[in-house]
Amino acid sequence: MGKSRNSGADLNRARPLDHQKAREIQPFSQVIHRPIALSQSVARQSVENLNQVLADTITLRDLYKKHHWQVAGPTFYALHLLFDKHYEEQNELVDTLAERIQSLGGVTLAMAADVAETTIIPRPPRGREEAPVQISRLLHAHEIVLKEARTMARQAAEAGDDGTNDLLVSDVIRTNEKQAWFVSEHLVDVPLVRAD
Ligand SMILES: [Fe+2]
């Protein structure tokens, strides 16, 4: 009789090799060289800037989802949908920023605890707030992102990092300006039924 097909040795070969551990292959603070015709110092500066915008974009994205869930009042439906649309658009930006950081040879911020330590957007309370307060928070966050993104875009252009400049201008700045417009119109105190 031949060897059993279900011997312990055979099954071991199919066992997943889980619980593996090793040193990390690239520390967060280090930027590796990629052959993209940019100096290490330019790539390092762009990575540092992009990780800051990334932390603030993740925070703004999550602020939209919080408000999508917690919004209250007569404008509930409009704001519920708008907040989720903006969440999705910010989520796209998060991925674009993170992949730019990796393509420059850097390491992207990713986890909530690291984002919380890095973002400069004020932390909201855990509880629910009125819609005008939610919107004011969002507008403040947009303005923080816009201010830093414009400064960083100029810095990237001057350093010759056109890809980072383009991402910041075409994606981050334009998206945030447009969202700020849509959101801020909800704070204009015009009559709903009877004209003044
Ligand atoms: Fe939802």
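Mentor: What follows is a conversation about selected helices, side chains and pairs in this structure. Please keep in mind that this is a predicted model.

Trainee: Let us start with α2. Which residues does helix α2 cover, and how many are there?
Mentor: Helix α2 covers residues 40-70, which makes 31 residues. From its first C-alpha to its last it reaches 44 Å, close to the 45 Å expected at 1.5 Å a residue.

Trainee: Is α2 mostly covered or mostly exposed?
Mentor: Helix α2 is mostly covered, since 24 of its 31 residues are buried.

Trainee: Could we look at one residue there? Where is Thr59, and is it buried or exposed?
Mentor: Thr59 is located in helix α2. Its relative accessibility is 17%, so Thr59 counts as buried.

Trainee: Which residues is Thr59 in contact with, leaving aside its neighbours within four places in sequence?
Mentor: With those neighbours set aside, Thr59 is in contact with Val115, Thr119 and Ile121.

Trainee: Now to charges. How many salt bridges does the structure hold?
Mentor: The structure holds 6 salt bridges. One of them joins Arg61 and Asp62, whose closest N and O atoms are 2.9 Å apart.

Trainee: What about Lys65? Which residue forms a salt bridge with it?
Mentor: Asp84 does, and the closest N and O atoms of that pair are 2.7 Å apart. Because Asp84 lies in helix α3 and Lys65 in helix α2, the pair ties together parts that are 19 residues apart in sequence. Lys65 counts as buried, at 17% relative accessibility.

Trainee: And Glu129? Which side chain does it meet in a salt bridge?
Mentor: Glu129 meets the side chain of Arg137, with 2.6 Å from N to O. Glu129 counts as buried at 18% relative accessibility, whereas Arg137 is partly exposed, with a relative accessible area of 23%.

Trainee: Where is His140 placed?
Mentor: His140 is placed in helix α5, residues 131-159. At 41% relative accessibility, His140 counts as partly exposed.

Trainee: How far is the C-alpha atom of His140 from that of Val169?
Mentor: Those two C-alpha atoms are separated by 19 Å, and the residues are 29 apart along the chain.

Trainee: Finally, how many aromatic pairs are there?
Mentor: The count comes to 2 aromatic pairs. One of them is formed by Trp181 and Phe182, whose ring centres are 5.0 Å apart and whose planes are at 80°, so the pair is edge-to-face.

Trainee: Is Phe182 buried or partly exposed?
Mentor: Phe182 is partly exposed, with a relative accessible area of 33%.

Key. Residues are numbered from 1 along each chain as its sequence is written. This is a predicted model: local features need pLDDT of at least 70, side-chain atom pairs count only at pLDDT 80 or more; totals for chains, interfaces and linings use all residues. Side-chain values use heavy atoms; hydrogens and water are left out. Helices (H or I, at least four residues) and strands (E, at least two) are DSSP runs, numbered from the N terminus. The expected span of a helix is 1.5 Å times one less than its number of residues. Buried means under 20% relative accessible area, exposed over 50%, partly exposed in between (1.4 Å probe, protein chains only). Contact means heavy atoms within 4.5 Å. A salt bridge is a side-chain nitrogen of Lys or Arg within 4 Å of a carboxyl oxygen of Asp or Glu. Rings of Phe, Tyr and Trp (its six-membered ring) pair if their centres lie within 6.5 Å; planes under 30 degrees apart count as stacked, over 60 as edge-to-face and the rest as tilted.
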